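Hi everyone, thanks for coming. Let me walk you through a structure that may be new to you.

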Amino acid sequence: ADLGRVRRFILAVRESMYDNAYHNFCHVFDVTQTLSVMARRTGTLDRLNAWERFALLAAALCHDLEHPGVTSVFMDKAGATVAGAFKDTVLEKHHVLRTFEVMVGQDIGLLKGLSSESYWDFRNAVAGCILATDIAKHSSYCAQVRELLQDGAARPVAIQLEMELLIKCADISNVLKPFHVARRWALRV
């Protein structure tokens, strides 16, 4: 994708973010930057092809697209329209839907020219990463990590799982940052 399309995409994401205390553009930008550093330091970026790298970073940028500042459970109990559209993982599924509406939008056309197979591979990678940020799935991911570390044996990690684990870690990484930064994020929650 050319730089102009990428720029329009980032600006469209910024415009689509709601101005709430925590789940705002600063949060998704922070998660994207944190993810980038983690992916470089772990060597993950070196193991990804160009489209996987873009999928990972785009997922980070869009993982809370149009987040209303309340939980999926709250949305469901309040009878929000978006809750009726999805059975579970309500907000994350909305974030995925909106991510691709923005990407393929007429004025952006970020995925123009991709073959059908490449489009679906990219879409599945992005969707998997965004859906991984659902805190309700945290225990499941912890169990997968425990299984990988069982008996201290080194086991290979599927690249998609590696990407999902990285975005999960980046999304909840504030407590690992210098205290003056972590404190500012904590006060926003």
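Let's start with one side chain: that of Asn24 reaches the backbone nitrogen of His27 at 3.0 Å. The Asn24 side chain also reaches the backbone oxygen of Ala21, at 3.2 Å. Before going on, a word on the source: this is a predicted model, where local features need pLDDT of at least 70 and side-chain atom pairs count only at pLDDT 80 or more, while totals for chains, interfaces and linings use all residues. Residues are numbered from 1 along each chain as its sequence is written, and side-chain values use heavy atoms, with hydrogens and water left out.

Where does Asn24 lie? In the loop between helix 1 (3-16) and helix 2 (25-42); helices here are DSSP runs of H or I, at least four residues, numbered from the N terminus. Asn24 is buried, with a relative accessible area of 7%; buried means under 20%, using a 1.4 Å probe and protein chains only. Not counting residues up to four places away in sequence, Asn24 touches Met17, Tyr18, Trp185 and Arg188, a contact being heavy atoms within 4.5 Å.

Now to helix 8, residues 116-132. Its 17 residues reach 24 Å from first C-alpha to last, close to the 24 Å expected at 1.5 Å a residue, where the expected span is 1.5 Å times one less than the number of residues. Buried residues in helix 8 include Tyr119, Phe122 and Arg123. And what do the buried residues of helix 8 pack against? They pack against helix 4 (50-62), helix 7 (90-103), helix 9 (138-149) and helix 10 (159-171).

Key:
Helices (H or I, at least four residues) and strands (E, at least two) are DSSP runs, numbered from the N terminus. Buried means under 20% relative accessible area, exposed over 50%, partly exposed in between (1.4 Å probe, protein chains only). A polar contact is a pair of N or O atoms within 3.5 Å; within protein, one must be able to donate a hydrogen and the other to accept it, and residues adjacent in sequence count only if both atoms are side-chain atoms.
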